[in-house]
Amino acid sequence: MTSRPGPTTRFAPAPTGRLHLGHLANAIHVWGFARRLGGRVLLRVEDHDRLRCRPEYETALLDDLDRLGVAADEPSTDELRAGPSSYRQSDNGPVYAATLDRLAGVADVYACDCSRSTFAAWRSAHGRPWSGPGCPGGCLAREIAASRDLTLRVALGDGDEAWNDLLMGPRSGPVSPDGDLPVRDRNGNWTYAFCVVVDDLRHGVDLVVRGEDLVDATPAQVRLADLLGRPTPPRFAHHPLVRRLNGSKLSKADGATAVGDRLDAGHTREELFGEAAVRVGLLDDPRPIAFDEALHLLP
Ligand SMILES: [Zn+2]
């Protein structure tokens, strides 16, 4: 008798900066859910944004994971260092292009020449921001020729998508909160939403564990996955974001939280996991804690 396999989840940092305490808090949740549910963890480099990502940040990120002793089931950091990978978004442009072609067969994909000022002008004319499907310029109906310097959007339609969040409980929200979903931006970058939906589908990810800042992005991703033929959406767990000890939100630009710098300065990885656990509300008081032990702190 074979047991039902556990879920596949992923740890998916963007190399737009150094690994920081927010990543550690996310790792505790990702590996914690995988451990609890008998699942496995994929490592994915989310470098879809070619303007903000840098190879040296990826190098540092892989080195930091090794120093922390945090290893995914697939791929290893060495596999990523060795060259092109299915798990590095910038290596998979043809996959996204082919998926876009497929998407265009089942939904309206269109070029949009609206800029921030188009949205701002609509807002000042109507006294509220653009909301719902479409875009203020009516670009779908205008049938603008696609080019690399125009946003590509997909019409996901109207309405809501609902899911039962493993941490936040029953949630729902509009699939088009502020216009049709961009799949490629005006700099020619595939968007975050498009890449993660495509990657989660092709890699068999069925459990998404990430910060609460992405809750509002979830309904569009559920709808997009459905259009791409995903039979059931992944499960979601959105966890609290890391806070400064004074309670304010910690940002990626907060240099003092760079994991590599802290290790260089003589802090142990157990101290850093303990600090991340406190700042995300999993521990009341700071104490050094092994990664494996931190995984048991999840609610
Ligand atoms: Zn438009």
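This is a predicted model: local features need pLDDT of at least 70, side-chain atom pairs count only at pLDDT 80 or more; totals for chains, interfaces and linings use all residues.
Figure 1. Arg-153 is buried and takes part in no salt bridge. The nearest side chain of opposite charge is that of Asp-178, 6.5 Å away. The side chain of Arg-153 instead reaches a backbone atom, the oxygen of Asp-180, at 2.8 Å. With neighbours within four places in sequence set aside, the residues in contact with Arg-153 include Asp-108, Val-109, Tyr-110, Cys-112, Phe-119 and Cys-135. Asp-180, Leu-181, Pro-182 and Val-183 are also among the contacts of Arg-153.

**Figure 2. The largest pocket and its lining.** The largest pocket holds about 1,000 Å³ of space, and 34 residues line it. Nearest its centre lie Arg-116, Arg-153, Asp-178, Pro-182 and Thr-191. Two or more lining residues come from each of helix 5 (116–126), strand 4, strand 7 (181–184), helix 7 (192–202) and helix 8 (218–227). Helix 5 supplies the largest share of this lining, four residues.

**Figure 3. Helix 7 and its cover.** Helix 7 is largely enclosed by the rest of the structure, because eight of its eleven residues are buried. These buried residues are Ala-193, Phe-194, Cys-195, Val-196, Val-197, Val-198, Asp-199 and Asp-200. Their cover includes strand 1 (8–11), helix 4 (93–104), strand 7, strand 8 and helix 8. Just after helix 7, Gly-204 adopts a positive phi of about 70°.

Figure 4. Asp-199 and Arg-202 form a salt bridge whose closest N and O atoms are 2.9 Å apart. Both residues lie in helix 7, with a spacing of three residues, or about one turn of the helix. Asp-199 is buried, with a relative accessible area of 0%, whereas Arg-202 is partly exposed at 30% relative accessibility. Both residues belong to a network of salt bridges that also links Arg-10, Arg-44, Glu-46 and Asp-200.

**Figure 5. The largest cavity and the neighbouring helix 8.** Two cavities of 30 Å³ or more are counted, and the largest cavity has a volume of about 80 Å³. Helix 7, strand 8 (207–211) and helix 8 each give two or more residues to the lining of the largest cavity. Among the lining residues are Val-196, Val-197 and Asp-200, together with Val-208 and Arg-210. Gln-221, Val-222 and Ala-225 also line the largest cavity, as do Arg-10 and Phe-236. Helix 8 is itself mostly covered, with eight of its ten residues buried. The buried residues of helix 8 include Gln-221, Val-222 and Ala-225. Gly-229, which follows helix 8, has a positive phi near 95°.

Figure 6. Glu-58 and Arg-88 form a salt bridge, their closest N and O atoms being 2.8 Å apart. Arg-88 lies in the loop between helix 3 and helix 4 and Glu-58 lies in helix 2, so the pair ties together parts that are 30 residues apart in sequence. Arg-88 is buried at 9% relative accessibility, and Glu-58 is buried at 10%. Asp-63 and Arg-81 meet in a salt bridge with an N to O distance of 2.9 Å. This pair links helix 2, which holds Asp-63, to helix 3, which holds Arg-81, across 18 residues. Asp-63 is partly exposed, with a relative accessible area of 34%, and Arg-81 is partly exposed at 35%.

Figure 7. The buried residues of helix 10 include Leu-272, Phe-273, Glu-275, Val-278 and Arg-279. Helix 1 (21–37), helix 2 (55–68), helix 9 (259–264) and helix 11 (291–294) are among the elements that cover the buried residues of helix 10. Gly-281 follows helix 10 and has a positive phi near 85°.

**Figure 8. Backbone geometry in two loops.** The peptide bond from Glu-74 to Pro-75 is cis, with omega near -15°. Pro-75 is located in the loop between helix 2 and helix 3 (77–82). Glu-143, in the loop between helix 6 (139–142) and strand 4, has a positive phi, near 50°, although this residue is not glycine. Glu-143 counts as exposed, at 68% relative accessibility.

How values were computed. Residues are numbered from 1 along each chain as its sequence is written. Side-chain values use heavy atoms; hydrogens and water are left out. Buried means under 20% relative accessible area, exposed over 50%, partly exposed in between (1.4 Å probe, protein chains only). Lys and Arg count as positive and Asp and Glu as negative; His and the chain ends are not counted. A salt bridge is a side-chain nitrogen of Lys or Arg within 4 Å of a carboxyl oxygen of Asp or Glu. A polar contact is a pair of N or O atoms within 3.5 Å; within protein, one must be able to donate a hydrogen and the other to accept it, and residues adjacent in sequence count only if both atoms are side-chain atoms. Contact means heavy atoms within 4.5 Å. On a 1 Å grid over the protein atoms alone, a cavity is a set of points where a 1.4 Å probe fits but cannot get out, and a pocket is an open set with protein on both sides within 12 Å along at least five of seven lines; lining residues have an atom within 4 Å of a point. Grid points are joined across faces, edges and corners, and a volume is the space filled by probe spheres set on the points.
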